[in-house]
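Here's a quick briefing for anyone opening this structure for the first time. Take a look at the sequence and the model, then read on.

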Amino acid sequence: MRAPSKAILNWPASALLLALALAPGPVLADATVTPSGPTVAENLLRIELHLDRPLAAPLDMGRVVLFDSAGAPIRDAFLDLPLPDRSGRTVALLLHPGRIKSGVGPNVALGPALRSGQFVTLRIDDPQVGPPLERRWLVTAPLRQRIDPAQWTVQAGRRGGRQPLRVHVPAALDGTAAAQIAVQGPNGRRLPGVATLAAGEREWRFTPTRRWRSGSYLLRIHPRLEDPQGNRLCSAFEQAGQSAQLCQAEGQVAFVIE
């Protein structure tokens, strides 16, 4: 009689390993993507994945794909460098900056990854994120201007109420911008409250903890505020020397509650 092979002798252990491999791991819920609106600019630099808890391992960029209008994968669209924030709950996916900046090698050789007037679809099927996640956008003309708070529109609440303050911006802000804007009250102190982004990141909304009082208020905007194209308060992404330029001056917008 032939002795049983090692594979058969190790069957219980092999079966256990197979079962562990096939068992569904913990998956994340409520994963969302920004930009959350229906459009993105042709020079989109950053897509952000928002999670309810950090990933156990770096996001597998081999499972992150952009498809063009014909359903074909867009080659070399992303850098293979997913960037989690400090909390690990937001992961930035960077489109190849060399394909965005005019006249740079990859832009000359391959052209921009996104084409104005066409649709593009993002698909993420890393099992850590849960079921495959898809987002489709219409690509619009590139946005190559710095963020200018002078173009923002403030819709203030009424004295004695707690209606949200609404600030409308002409182009979507970065998906993490909510915490980079604050309200200074008539006493010169920061107002406590809850800030969120709405309307495809085109609206900053602030609900104060206490009722509005009459007086002069100030929106204070952090110098590091950006939009998804990498444009900042002090300069546009494609401006010469932008990467070396320090944005140190905050933006401000004044408003009054009667």
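What follows is a short tour, from the whole chain down to a few residues.

This is a predicted model, where local features need pLDDT of at least 70, side-chain atom pairs count only at pLDDT 80 or more, and totals for chains, interfaces and linings use all residues. Residues are numbered from 1 along each chain as its sequence is written, and side-chain values use heavy atoms, with hydrogens and water left out.

**The whole chain**
- The protein chain has three helices and 15 strands (DSSP runs numbered from the N terminus: helices are H or I with at least four residues, strands are E with at least two).
- Of its 258 residues, 40% are buried (buried is under 20% relative accessible area, exposed is over 50%, and partly exposed is in between, using a 1.4 Å probe and protein chains only).
- Take the contacts (heavy atoms within 4.5 Å) with a separation of 6 or more: 64% of them link residues 24 or more positions apart.

**A hairpin**
- Strands E12 (residues 193-198) and E13 (residues 203-208) run antiparallel and are joined by six bridges (strands pair if DSSP finds at least two bridges between them).
- Ala195 has Phe206 of E13 as its bridge partner.
- Four residues sit between the two strands, and Ala199 in this hairpin takes a positive phi near 55°.

**The disulfide**
- There's one disulfide in the structure (a pair of cysteine sulfur atoms within 2.5 Å), and it joins Cys234 to Cys247, with an S to S distance of 1.7 Å.
- Both Cys234 and Cys247 lie in the loop between E14 and E15, so the pair ties together parts 13 residues apart in sequence.
- The torsion about the S-S bond of Cys234 and Cys247 is about -80°, so this disulfide is left-handed.
- Cys234 is partly exposed at 26% relative accessibility, while Cys247 is buried at 14%.

**Around Glu250**
- Glu250 lies in the loop between strand E14 (215-221) and strand E15 (251-257), and is partly exposed at 30% relative accessible area.
- Leaving out residues up to four places away in sequence, Glu250 touches Arg220, Ile221, Pro223 and Leu233.
- The C-alpha atoms of Glu250 and Ile221 are 5.4 Å apart, though the two residues are 29 residues apart along the chain.
- The Glu250 side chain makes a polar contact of 2.9 Å with the side chain of Arg220 and one of 2.8 Å with that of Gln252 (a polar contact is a pair of N or O atoms within 3.5 Å; within protein, one must be able to donate a hydrogen and the other to accept it, and residues adjacent in sequence count only if both atoms are side-chain atoms).
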